[in-house]
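Please read this report alongside the sequence and the model.

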There are 2 protein chains.
Amino acid sequence: MIYSVQVKVMPLKNLLDPQGKAVMGGLQNLGLNNVTDVRIGKHIDLQIEADNEEAAKAIADEAAKKLLANAVMEMYEIQIG
Amino acid sequence: MIYSVQVKVMPLKNLLDPQGKAVMGGLQNLGLNNVTDVRIGKHIDLQIEADNEEAAKAIADEAAKKLLANAVMEMYEIQIG
């Protein structure tokens, strides 16, 4: 069966996020002053062939650890469906 | 009140996603052959000061339309909390 697995990769909370800071500046230039903070990460949709949800999640976890996320600077969350 | 609003920006389904294709190649080189498709987008966390959820959502929608997403190539979804 094919499972759709979402991996969210975000910069760690205690690290600077220069891309987010730049976007916040852009939003303020557009007059959107109510936005007080912006953080930008990646959203990765994986289609995984596996026998069950647990197996699909394990494969996504391995993919995130080995390639999708850099544990030094980023955290990730895995969600099925 | 400060609301945490998530904006997910993904390449449109009928467009090629070269970044996703490259990552899929990388995963296959690592032996993760069960991954049959990869699509990569952005995940943006906004902290928005607003009176209520509706107002926060409207600001996020304006931000997405004006800056965060390129409607020609990308779709976005907004989620609160």
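The sections below begin with the basis of the description and then go through these topics.

## Basis of the description

This is a predicted model, in which local features need pLDDT of at least 70 and side-chain atom pairs count only at pLDDT 80 or more, whereas totals for chains, interfaces and linings use all residues. Residues are numbered from 1 along each chain as its sequence is written, chains are lettered from A and ligands numbered from 1 in the order in which they are written, and side-chain values use heavy atoms, with hydrogens and water left out.

## Helix 1 of chain A

Helices (H or I, at least four residues) and strands (E, at least two) are DSSP runs, numbered from the N terminus. Helix 1 of chain A, residues 18-29, has twelve residues and spans 17 Å from its first C-alpha to its last, close to the 16 Å expected, where the expected span is 1.5 Å times one less than the number of residues.

Gly20(A), Val23(A), Met24(A), Gly26(A) and Leu27(A) are buried in this helix, buried meaning under 20% relative accessible area, exposed over 50% and partly exposed in between (1.4 Å probe, protein chains only). Because these buried residues fall within an arc of 160° when seen down the axis, they line one face of helix 1 of chain A; the arc is that of the directions from the helix axis to the C-beta atoms. They pack against strand 2 of chain A together with strand 2 and helix 2 of chain B, while the face turned away from the buried side carries the exposed residues Pro18(A), Ala22(A) and Asn29(A).

## Helix 2 of chain A

Helix 2 of chain A, residues 53-68, has 16 residues, but its end C-alpha atoms are only 20 Å apart, short of the 22 Å that a straight helix would reach. Its buried residues include Ala56(A), Ile59(A), Ala60(A) and Leu68(A), and the buried set covers an arc of only 140° around the axis, which puts them on the same side of helix 2 of chain A. On the other side, Glu54(A) and Lys65(A) are exposed.

## Two buried charged residues

Arg39(A), in strand 2 of chain A, is buried yet has no salt bridge, and Asp17(A), the nearest side chain of opposite charge, is 4.8 Å away. A salt bridge is a side-chain nitrogen of Lys or Arg within 4 Å of a carboxyl oxygen of Asp or Glu. The side chain of Arg39(A) does, however, reach the backbone oxygen of Leu15(A) at 2.9 Å.

Asp45(B), found in strand 2 of chain B, is likewise buried without a salt bridge, its nearest side chain of opposite charge being Lys8(A) at 4.9 Å.

## Salt bridges

The structure holds ten salt bridges over all chains. One of them joins Glu77(A) to Lys8(A), with the closest N and O atoms 3.9 Å apart; since Glu77(A) lies in strand 3 and Lys8(A) in strand 1 of chain A, the pair ties together parts that are 69 residues apart in sequence.

Glu62(A) also forms a salt bridge with Lys66(A), the closest N and O atoms being 2.7 Å apart. These two residues are four apart in helix 2 of chain A, and are therefore separated by about one helical turn.

Notes. Lys and Arg count as positive and Asp and Glu as negative; His and the chain ends are not counted. A polar contact is a pair of N or O atoms within 3.5 Å; within protein, one must be able to donate a hydrogen and the other to accept it, and residues adjacent in sequence count only if both atoms are side-chain atoms. Contact means heavy atoms within 4.5 Å.
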